[in-house]
Amino acid sequence: MKVILLQDVKGKGKKGQLIEVSDGYARNYMLPRKIAQEATADNINTMRMNDKALLERQTKEREAAIALRDRMKDMTLTVLCKGGGAGRLFGSVTSQEISDALKKEGIDLDRRKIVIDETIKTVGQYTVKCKLGYEITANLRIDVKEK
């Protein structure tokens with residue numbers, strides 16, 4: 001019997017795949033537990049439509065990430081922090097502060113997507129990596145200044 005998996009099944013396949021299993025396994029185990037659904041013409045058509053919609057959404061998100069990378073390439077972000085004089089800061093610049101500064105520029109990026117290689121504890125210019133999704137990263141220049 002052919003079934004469409006509704007969730008990942010170890011040893012059988014991934015969610016959304018069309019697989020062939022024995023009739024008893026499908027009727028007695030997979031269908032009652034809502035792990036799979038029978039592969040009727042309607043269900044197969046729905047699966048194909050969902051795959052097409054998912055592919056279109058991923059393409060749009062990838063294009064948006066590439067556009068954001070191009071926008072961030074030439075950008076220098078200024079972050080103001082409290083300092084103790086002589087170029088030293090109280091504490092360090094965090095990814096949350098960088099995310100807040102990006103929001104002021106009109107870019108909404110989650111703090112978990114900002115990677116700071118070395119801790120920023122002094123005034124100066126630094127480069128951080130931003131993960132934009134779909135293995136697209138952007139280098140962002142940050143100018144740290146005292147308040």
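Start by selecting what covers the buried residues of α3: the set includes α2 (41-73), β4 (76-81), β6 (88-93), β7 (114-115), β9 (124-133) and β10 (136-146). Helices (H or I, at least four residues) and strands (E, at least two) are DSSP runs, numbered from the N terminus. You are looking at a predicted model, where local features need pLDDT of at least 70, side-chain atom pairs count only at pLDDT 80 or more, and totals for chains, interfaces and linings use all residues. Residues are numbered from 1 along each chain as its sequence is written, and side-chain values use heavy atoms, with hydrogens and water left out.

Now pick α3 itself, residues 95-104: S95, I98, S99, A101 and L102 are buried (under 20% relative accessible area, 1.4 Å probe, protein chains only). They lie on the same side of α3, because they cover an arc of only 160° around the axis (taken from the directions from the helix axis to the C-beta atoms). Just after α3, click on G106 to find a positive phi of about 95°.

Next, show I98 with its surroundings. Beyond its neighbours within four places in sequence, I98 is in contact (heavy atoms within 4.5 Å) with L77, V93, I114, I116, V128, L140 and I142.

Then move to the open sheet of three strands, ordered β5-β6-β8 with antiparallel pairing (strands pair if DSSP finds at least two bridges between them). Its edge strands are β5 (83-85) and β8 (120-122), each pairing on one side only. β5 and β6 are joined by two bridges; select G85 and you will find its bridge partner, R88, in β6.

Notes. Buried < 20%, exposed > 50% of the residue type's maximum accessible area, 1.4 Å probe, protein only.
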